[in-house]
Amino acid sequence: MLDDIRLISEAELKDFIDKSGEKKYRYEQMYRHLWQLGTASFDEMIDIPKAFRQALSNRFSINRIQIEDKFISRDKSIKYSFLLYDGERIEGVLIPSNERVTACVSSQVGCSLSCKFCATGYLPLKRNLLFHEIFDQVIVLNNESILHFERPLSNIVYMGMGEPLLNYRNVMESIARITSPKGLNFSPRRITLSTAGIAKMIKKLGDDNVKFELALSLHAADDEKRSRMMEINDSNNLQTLSDALKYFYDKTATRITLEYIVFDNFNDSLEDAENLSKFARKVPTKINIIEYNPIAEVDFCNAKEDKFNKFIAYLERKGHIVNVRKSKGKDVNGACGQLALKKSIHRI
Ligand code: SF4
């Protein structure tokens, strides 16, 4: 297989241009095609001489991810299955609202963390995505957003398959290309990275002084309950996480989003709300209450309406910023990993 041109170094590409007898400015043209326009093939680079395009395609490939399937929900969100160059699959979602179109992107094929409520948690980790495969999801979803909603993406969330902080280098490189003025020039403030909670890497985000938003999938503010749902809590307990979030905040001055699904008879009592309130007060935060998109593998379901409302009212009385996020794409397996999990079950 030919090397993906996006994986070779600047020096190598410049050398190739030079040895092909081409002008130095071809490098800037190539860069613009690859990282600003997201051009999918050498043939489409029509401002580059045909002979050089041929030389490029004899030596390199552009392994752009492909849309394998797409499912449009009644609520207008669109779920995508993407095929990668090696036959692996990942998922992405487009979520339109009045003022936004949000792309949810994946960072790994499968996941090593096995969170009980998550479809991807039931898939083995196959591999990390390369930075250009994450970048491609943004390019493809942006094109799809223009096609279906007549406007480009306004927000990007790293909340699809995989734990982004366990693929740190590729995730950071993808964000660098997405936000660079020489790349997509997307505002980092419109990008959110969501983590299940890897304390050491949250601190590293602080050391790297990132400008994007950080969200923690919390879901329980009591170690015993959280560990029952998310094994990662055994090695990254709430105290460690809260220390890491404080460190992150001190370095970046960025308020952290806490994500919380209120599960029926699990974490929906006023005592749970009080635990959440105490945790949320340790560092500047806002709380996103997320409606659950149930999966067949486990019998978690959303809290009853009455308890749910009391839970929210309690947090608001305590002065927290609380947003309630409706689940999207329920009719199209919108939660991350649901499509892939179904396919793996079918294959069995
Ligand atoms: S919630 Fe995130 S970290 Fe947990 S299993 Fe799912 S994809 Fe992995």
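Where in the chain is the place of Glu99? Glu99 lies in the loop between β5 and β6 (101–104), where helices (H or I, at least four residues) and strands (E, at least two) are DSSP runs, numbered from the N terminus.

## Basis of the model

This is a predicted model, in which local features need pLDDT of at least 70, side-chain atom pairs count only at pLDDT 80 or more, and totals for chains, interfaces and linings use all residues. Residues are numbered from 1 along each chain as its sequence is written, and side-chain values use heavy atoms, with hydrogens and water left out.

The predictor's confidence in each residue is given by pLDDT, from 0 to 100. Its mean over the chain is 94, and 96% of the residues reach 70 or more. Over residues 344–348, pLDDT stays under 50, and the model has three contacts for them beyond four places in sequence. Contact here means heavy atoms within 4.5 Å.

## Surroundings of Glu99

Glu99 is exposed, with a relative accessible area of 61%. Buried means under 20% relative accessible area, exposed over 50%, and partly exposed in between (1.4 Å probe, protein chains only). Leaving aside neighbours within four places in sequence, Glu99 is in contact with Arg151 and Ser154. Glu99 and Ser154 are 55 residues apart along the chain, and their C-alpha atoms are separated by 8.5 Å.

## The ten-stranded sheet

Ten strands form an open sheet with mixed pairing, in the order β3-β4-β5-β6-β9-β10-β11-β12-β13-β14. At the edges stand β3 (66–72) and β14 (322–325), each with a single partner strand, so one side of each is left without a neighbour in the sheet. On average, neighbouring strands of this sheet are turned by 25 degrees against each other, direction ignored. Axes are lines fitted to C-alpha atoms, for helices over the stretch in contact, and angles run from 0 to 180 degrees between N-to-C directions.

Two strands pair if DSSP finds at least two bridges between them. Strand β9 (residues 155–158) pairs with strand β10 (residues 191–195) in the parallel sense, over three bridges. Within this pair, Val157 stands opposite Thr192 in β10. Helix α10 (residues 270–281) packs on the sheet and touches β11 (213–217), β12 (256–260) and β13 (285–290). The direction of α10 makes about 165 degrees with that of β12.

Helix α3 (residues 50–59) has Phe52, Arg53 and Leu56 as its buried residues. Seen down the axis of α3, these fall within an arc of 105 degrees, so they line one face of the helix; the arc is that of the directions from the helix axis to the C-beta atoms. The face turned away from the buried side carries the exposed residues Lys50, Ala51 and Asn58. Among the elements that cover the buried residues of α3 are α1 (10–19), α2 (26–37) and β2 (60–61).

In α2, the buried residues are Arg26, Tyr27, Gln29, Met30, Tyr31, His33, Leu34 and Trp35. Their cover includes α1, α3, α4 (131–149) and α5 (168–179). After α2 comes Gly38, whose phi is positive, near 65 degrees.

## Salt bridges

Side chains of opposite charge can pair when their charged atoms come close. A salt bridge is a side-chain nitrogen of Lys or Arg within 4 Å of a carboxyl oxygen of Asp or Glu, and a search of the whole structure finds 24 of them. One joins the side chains of Arg6 and Asp4 (3.3 Å, N to O). Arg6 is buried, with a relative accessible area of 5%, and Asp4 is buried as well, at 3%. A network of salt bridges links Asp4, Arg6, Arg64 and Asp136.

Asp86 and Arg127 also meet in a salt bridge through their side chains (2.7 Å, N to O). This pair links distant parts of the chain, 41 residues apart: Asp86 is in the loop between β4 (78–83) and β5 (89–96), and Arg127 is in strand β8 (residues 127–128). Asp86 counts as partly exposed at 35% relative accessibility, whereas Arg127 counts as buried at 18%. In a further salt bridge, the closest N and O atoms of Asp272 and Lys225 are 2.9 Å apart. Asp272 in helix α10 and Lys225 in helix α7 (residues 223–229) are 47 residues apart, and both are buried.

His219 is not a glycine, yet has a positive phi of about 70 degrees. His219 lies in the loop between β11 and α7 and counts as buried at 3% relative accessibility. Asn265, likewise a residue other than glycine, has a positive phi near 55 degrees. The place of Asn265 is in the loop between β12 and α10, and Asn265 is exposed, with a relative accessible area of 64%.
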